[in-house]
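Subject: Structure handover

Hello,

Here is the structure for you to look at. My notes follow below it.

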There are 2 protein chains.
Amino acid sequence: MKRSFKDLIKGLVSNDRVCLSKLISEVESNSSSIFKIINSVKKIPNNVYTLGITGPPGAGKSTLTNQIIKKLRNLNLKIGVIAVDPSSPFTGGAVLGDRVRMQEHSLDSSVFIRSVGSRGDLGGLSSCTSSIIKLFDIFGMDIVIIETVGVGQTELDIIKISDSVLVTLVPEAGDGIQAMKAGLMEIGDIFIVNKADRSGADKLAREIEYMISLKHDSSSRKTNVLTTQAENDVGINELLDEIMAFKEHEELNGSLQKKRNTRKLSELNTMVEKELRNELEKTKETATFKELVNKLENGLLEPEVLVKKIISLLKKDN
Amino acid sequence: MKRSFKDLIKGLVSNDRVCLSKLISEVESNSSSIFKIINSVKKIPNNVYTLGITGPPGAGKSTLTNQIIKKLRNLNLKIGVIAVDPSSPFTGGAVLGDRVRMQEHSLDSSVFIRSVGSRGDLGGLSSCTSSIIKLFDIFGMDIVIIETVGVGQTELDIIKISDSVLVTLVPEAGDGIQAMKAGLMEIGDIFIVNKADRSGADKLAREIEYMISLKHDSSSRKTNVLTTQAENDVGINELLDEIMAFKEHEELNGSLQKKRNTRKLSELNTMVEKELRNELEKTKETATFKELVNKLENGLLEPEVLVKKIISLLKKDN
């Protein structure tokens, strides 16, 4: 039996995974659904901490994500994962080995993994991701990990939703330069040189440290560069410590709150502008608007004279 | 004595060049002035035919413009010229020879030449040009020529304001290809190969004709390619005939009216959207809005819940 929207929301609040899954599909396919959901629950916990993991394809982001999930589970935290990376095993684009590795969380009821496809609508991807984070929040997650490949504006937009951003690189010729070109240097809060058993790892780490030092703002916390071997669980505990230290630092000095407020305001702004465009479209459907346009086309009224009339038309309830 | 805005508008309507000049400066420096002017005169003649002349630097656009002005003056038409081309002698960027040649119209009271600088605000340039056309219209001009160098999006935007577009090219290696790359092939209604005494002129004309034939829509009039030597008054009469034939064709089959209506509607749309943004800014200044944002920042209200409240706030007169 198909459950009603209201029942799904009830289920979401009372920790029902099926309801969570269905509502994620709902916000994915219809961007206005999140309004109905939030307006129904009225208040969301705002308890989720979002961790963005990005970097070039092949940097080992999924393995790293997997290890981070394990460590966070040891702390008994509830975790949501959103995989936007098209090459991620979550989204079905990778080799079987990776896929199997991820399976180990599939029976853990405190981990929920969801892949998000771009479906050609790149503009809607970051608002969709943002909606899913809210669903995870209502569901009661503590941490949401967003995994996305660090190329292109869309990915940078999505990663801006994160409370902290982990940039993952691997020792490869010119990788540091690539990261800089892709804008990764600007968005990283923590940098990881993964697959650190490869030669050139230390050199890359020092390169990144140097680049960070150039843009370093003396008032902020030092951005650290860590070396890991996610595959062999080397350096992951240190990474977890660094993530937690960064989180605590930003909680204490108020910058996390500030960041989130800026984000909420910008989100509000986008929503209001979109709603205004909707209102305008509705106005354009009215008979009065069509009469006015008719006068415009017949040279009886100029656009400059019409503007105010249309604004008043929009302001009247229609 | 400084004349009042009202007096300037009165002067504009009664054909006072000084008033025209001052009002052009006014709309250039303050984009909202055109609203005051149009709302004051209520109705504009809509009598002006706008002719865009574009092409790469060095194609002889100014010399051509000069010759066209002469021919149009022989028909006793009143002419406004807007030079957006930074390399144009009108805007002061050219050699003395060109400049002197233009001087011959400076004593003709039926020709008014105005250069428009970008001043860094490229977005405002096309709306500024559009406002000046309206002033010329109220002043009683018959034809407005817009001269602009055919490179970049801004120039293409400006040229879209024209009722017909003359694309001027010169025989030079790869000029046809350059024109195509710059998007000139799409916007031209008439193509001119100027400096046709140079070798390669016929080859270029045939190249352009071929490119036109590829995109030619059987329902529309054949786009002609003319060869001219503006410097020596060769081919200019034929060009004038072609301009007039094109104009008449579009007047008769209604496509001129259609083009202008589309333009007016798009202009109206831009104005309404801008005005809505203004209204939103005003709303943001209200105490109620600030209270709502406060609640947002304190986690008492989510953006999704706030949107409707802000729209109603905007709809109330504030």
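**The sheet in chain B**

Chain B holds an open sheet of 7 strands, paired in parallel, in the order β3-β2-β4-β1-β5-β6-β7. Keep in mind that this is a predicted model. β3 (111-115) and β7 (225-227) of chain B are at the edges. Each has a single partner strand, so one side of each has no neighbour in the sheet. On average, neighbouring strands are turned by 20° against each other, direction ignored.

Take one pair from the sheet. β2 (residues 79-83) and β4 (residues 143-149) of chain B run parallel and are joined by 5 bridges. Here V81(B) stands opposite I145(B) of β4(B).

A helix also packs on this sheet: α10 (residues 201-215) of chain B. It touches β5 (164-169), β6 (190-193) and β7 of chain B. The direction of α10 makes about 170° with that of β7(B).

**How the two chains meet**

At the interface, 30 residues of chain A are in contact with 30 residues of chain B. On the chain A side, α3 (33-41), α12 (255-284), α13 (287-297) and α14 (303-315) each supply at least two residues. α12(A) gives the most, with 11 residues. By class, that side has 18 nonpolar, 4 polar and 8 charged residues. Of the interface residues of chain A, 100% are also interface residues in chain B, so the copies meet through the same surface.

Best regards

How values were computed:
Residues are numbered from 1 along each chain as its sequence is written. Chains are lettered from A and ligands numbered from 1 in the order in which they are written. This is a predicted model: local features need pLDDT of at least 70, side-chain atom pairs count only at pLDDT 80 or more; totals for chains, interfaces and linings use all residues. Two residues are in contact if their C-beta atoms, placed from the backbone, lie within 7 Å. Helices (H or I, at least four residues) and strands (E, at least two) are DSSP runs, numbered from the N terminus. Ala, Val, Leu, Ile, Met, Phe, Trp, Tyr, Cys and Pro count as nonpolar, Asp, Glu, Lys and Arg as charged, and the others, Gly among them, as polar. Two strands pair if DSSP finds at least two bridges between them. Axes are lines fitted to C-alpha atoms, for helices over the stretch in contact, and angles run from 0 to 180 degrees between N-to-C directions.
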